[in-house]
Amino acid sequence: MKNFQYYNPVRIVFGEGQIKKLSDLVPKEAKVLITYGGGSAERTGTLDEVKTALAANGNRSVFEFGGIEPNPEFTTLLKAADMVNKHGIDFLLAVGGGSVIDGSKFVALVSSLTEDDSTVLRDKAWDALLSGCSTIDTAIDLGVVLTIPATGSEMNNGGVVNHSERQAKLPFRSPLTFPKFSILDPTKTLTLPKRQVMNGVADAFVHVIEQYLTYPVNAKVQDAFAESLLKILVEEGAAVKADPENLETRQNIMWSATMALNGLIGAGVPQDWTTHMIGHELTSLHGIDHARTLTILLPSVMRELKDSKKDKLLQYARNVWALDSKTDTKQDDDSIIETAIVKTENFFRSLGLPVSLADAQLDESAIDPIIKQLEAHNMVKLGEHGNNDLAVSRRILERSLTSAA
Ligand code: NZQ
Ligand code: ZN
């Protein structure tokens, strides 16, 4: 195992009816800006519930900013940051999924990038994003009411912001953007469209994979936690498909997705975010949902990097899919690995998700522009060894053109 520090200060408040706890969690004297997305929080009544809980706190300085898009847009977020400065907001309350939470983290950071008036300097904010926000040393406090289990943003300090005009979707991270708390009420996920439920299961699954499928460092706790999460997500993916109203299934999906990316399973182990980094380019160029970019790419990442990931792929096959070349003498290591990859693909298919570029109506003409964007965003040394250059990414994309299975 590698040396590591693990720090996660996010208070999790889990369970049905917990939104009312906002009255204790948000400081009474705070000037609060509730941030939300394209309307689901209003439609489902969650926004009203949030406002009622804040009112019970006696909090009268509550403002709202709606309209944060899936894959939150830079220009929209700067409007929210201007609102923060105009009203002297000192607490952001994100009500939504990864996009609203990430977007609010970005607002929390960039609202300090002003000069004389209260308007955020666009160029400064863009430069900050390009450098992953590492230069910003102050942020507004943030709380979260999660409405979709998927990204883990509710319990980590990272985010991703999209800039459509510049065709860039870029990650950032700051020690200042851990939420103060996140309320996880699984009943809130019952209103999600099926597509979003399945996207969430797949995104969480790939988060675990990218912190697990590298090379062994004898990290038994991280590996066993990761394998358990993968198995739970496979099981609960099928369960939520069969019985979408089952609250226990929703509880398990919600907590799994949070655990998948709160730093715990990634501490002290090598990581490989190749699938995510190429996936971000697919979203920014073609508008494909985040999770769907991952299910398109992951099988090809596994096949292309089969040799360098061989030990972990065999462990994955054995411990997640119950495949073992030692007991199944008819199959050698290579065919065990291929069977595990096919099982992964079939799992994604069973959730209604694409597993190739063809499934997303893209052909080989899509590849050159993606490679160009990866180069422009300096994504040229991906993977646990930093060996995944543009040639490797190109081969991954070529393998993804159609499904191999
Ligand atoms: O916008 P509204 O109207 O609210 O609708 C949303 C949106 O259309 C809807 N929705 C959310 N909760 C709902 C609901 N509809 C009905 N009932 C509810 N309870 O779901 C749609 C998708 O929402 P979004 O927030 O975009 O989904 P998700 O949580 O999957 O977030 C995706 C974003 O997170 C980033 C992705 O890149 C993408 O931009 N990620 C963030 C990460 C992080 N911070 O650690 C890691 C991830 O790998 C990921 O990159
Ligand atoms: Zn993701």
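Which residues are the closest to ligand 1? In this predicted model, they are Gly38, Ser40, Ser99, Lys169 and His207, within a shell of 32 residues that surround the ligand; a residue belongs to such a shell if one of its heavy atoms lies within 4 Å of the molecule. Local features need pLDDT of at least 70, and side-chain atom pairs count only at pLDDT 80 or more, while totals for chains, interfaces and linings use all residues. Residues are numbered from 1 along each chain, and side-chain values use heavy atoms, without hydrogens and water.

The shell around ligand 1 comprises eight nonpolar, 20 polar and four charged residues; in this scheme Asp, Glu, Lys and Arg count as charged, and Gly is among the polar ones.

Helix 6 spans residues 122-130; helices are DSSP runs of H or I with at least four residues, and strands are runs of E with at least two. Ala125, Trp126, Ala128 and Leu129 of helix 6 are buried, that is, under 20% relative accessible area, whereas exposed means over 50% and partly exposed lies in between (1.4 Å probe, protein chains only). These four cover an arc of only 160° around the axis, which puts them on the same side of helix 6; the arc is taken from the directions from the helix axis to the C-beta atoms. On the other side, Asp123 and Leu130 are exposed.

Definitions and conventions: Chains are lettered from A and ligands numbered from 1 in the order in which they are written.
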